[in-house]
Amino acid sequence: MNGKHITKLGFTGADIGLALAAASVREDAGAARDDILNELRAVHASPAQHLTGVYATLAASLQARAEQDALHAHDALRAQPLPYRVWGAHLIDDGAFAQMNTAMRLPISRAGALMPDAHLGYGLPIGGVLATQHAVIPYGVGVDIGCSMRLSVYALPAASLDARSGTELLHRHTRFGAGVGWEKRDRLHHDVLDDPAWNAQPLLRHLFDKAVTQLGTSGSGNHFAEFGTFTLTHGGLDLPAGEYLAFLTHSGSRGFGAQVAGHFTRLAEHLHPHLDPAARKLAWLDTRQQEGQDYWTAMTLAGQYALANHEQIHARVARALGETPTLTVSNSHNLAWKQVVDGQELIVHRKGATPAAEGQLGLIPGSMADPAYLVRGRGVPDALHSASHGAGRQLGRKAAEKTIPRAEWKAYLAQRGVTLLGGGIDEAPQAYKRVQDVLAAQSDLVEVLGQFQPQIVRMDSGSEDI
DNA sequence: ATGTTC
């Protein structure tokens with residue numbers, strides 16, 4: 001009996017040695033070679049039947065290998081990405097295409113689309129839309145679960161608020177910065193804090209206190225709170241066409257959502273150890289299993305929390321102004337939705353993409369000094385009822401800091417009369433694609449109803465405090 | 001995006 005005999009029976013790797021060892025025990029016991037070979041053949045065919053006795057170790061190893069192979073086969077990527085449509089391909093870098101191609105090779109993917117603001121992200125590109133079946137990808141939603149926009153339009157002339165009063169109001173009634181929350185005496189209650197989902201998982205219970213503290217705050221990065229002039233070009237939205245004072249915010253689910261995202265991304269990666277390294281950050285959770293259902297519960301709560309967060313920011317500002325907004329619009333742009341696609345219910349991930357079903361209102365911001373647009377969706381099926389979530393970066397943060405001259409950044413603001421509170425050069429308008437180009441590339445996806453020109457903008461100050 | 005990563 002030698003290795004050649006064993007290999008011929010189909011044993012591989014460490015199983016060859018285990019088979020040889022078992023065979024020699026049988027030989028010592030006086031078994032005939034043909035009988036041993038038949039026994040080995042039987043163990044190879046059905047290891048589950050031989051988990052005790054002389055072949056036990058070999059059978060266990062075979063069984064583990066089979067389970068691993070099954071898992072690997074289940075996770076294998078398609079040879080070619082499924083086809084998907086792209087809007088504004090001339091505005092999109094190669095890295096974003098490569099990430100989308102990988103996403104469309106996932107065995108769970110069914111459809112997808114790339115928006116004109118697309119750029120590199122973790123896993124799915126920012127500006128990526130992906131429909132999957134029975135699966136949700138934490139990094140297909142993104143780190144800032146429920147990141148969203150909200151606009152309040154006041155039936156007041158745009159000039160009702162001067163730069164000085166607006167500045168003071170923003171300083172007093174908005175909070176920026178990583179880890180930042182409201183002092184206990186300044187906190188407001190919101191029904192989202194009474195959601196029973198907070199008690200559905202130890203993780204959510206653990207994050208509740210942080211969520212209470214941070215409700216009504218703006219965070220950091222590209223998040224902002226700004227006053228500006230809103231020009232409504234279409235009537236019929238509770239307001240006649242015209243120019244108005246308005247308040248616009250971009251914020252998300254803060255530390256709560258970030259920790260939910262981190263937890264479930266690690267869990268998904270752990271559950272797919274054999275996933276192709278190129279798709280590692282696209283690891284998914286099965287929505288028919290507990291892990292996927294837990295993520296869905298947590299993600300939904302984070303989405304609600306983010307909207308509540310905006311509501312409080314706007315409520316504080318409205319109270320300080322002593323006014324009530326006449327028109328309010330909001331939309332999430334980092335979330336997954338259950339959506340019927342070609343007659344089948346799928347999970348549609350929008351990671352930096354605005355829902356744009358027929359008639360649905362949305363907000364697409366440009367940059368700290370460029371207009372944000374109020375849009376109405378046209379419900380294009382190939383875009384999975386989506387549009388861009390903004391202008392999209394054309395320079396990464398580090399590249400922006402290195403290449404944009406400070407004077408050009410300040411000149412861009414000055415030319416548009418923008419007062420900036422906080423904010424860094426990594427968020428300079430020059431770091432973003434021109435939002436007008438991005439809108440032009442998706443005119444078939446959304447109709448523009450109005451535009452908002454920022455005037456007093458607050459962002460996180462980073463290191464240089466204000 | 002987040003206050004600091006299985």
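Me: Which residue forms a salt bridge with E269, and how far apart are the closest N and O atoms?
Reply: The partner of E269 is K281, and their closest N and O atoms are 3.2 Å apart. A salt bridge here is a side-chain nitrogen of Lys or Arg within 4 Å of a carboxyl oxygen of Asp or Glu.

Me: Which parts does that pair tie together?
Reply: E269 lies in helix α9, whereas K281 is in the loop between α9 and β8 (285-286), so the pair links parts that are 12 residues apart in sequence. Helices (H or I, at least four residues) and strands (E, at least two) are DSSP runs, numbered from the N terminus.

Me: How many salt bridges does the structure hold?
Reply: The structure holds 11 salt bridges.

Me: What should I know about the model and its numbering?
Reply: This is a predicted model, in which local features need pLDDT of at least 70 and side-chain atom pairs count only at pLDDT 80 or more, while totals for chains, interfaces and linings use all residues. Residues are numbered from 1 along each chain as its sequence is written, chains are lettered from A and ligands numbered from 1 in the order in which they are written, and side-chain values use heavy atoms, leaving out hydrogens and water.

Me: What is the distance from S220 to a phosphate oxygen?
Reply: An N or O atom in the side chain of S220 is 2.4 Å from a phosphate oxygen of DNA strand B. G179 uses a backbone N or O atom, which lies 3.0 Å from a phosphate oxygen of DNA strand B.

Me: Which helix gives the most to that surface?
Reply: α9 gives the most, with 4 residues. Both α8 (202-214) and α9 (254-271) supply at least two residues each.

Me: And the domains, where are they in chain A?
Reply: Domain 1 covers 3-75 and domain 2 covers 127-458; such bounds come from an automatic or database domain assignment. Their centres, taken over C-alpha atoms, are separated by 57 Å.

Me: How many salt bridges are there between them?
Reply: The count between domain 1 and domain 2 is 0.

How values were computed: Polar contact = N/O pair within 3.5 Å; in protein donor to acceptor, adjacent residues only side chain to side chain.
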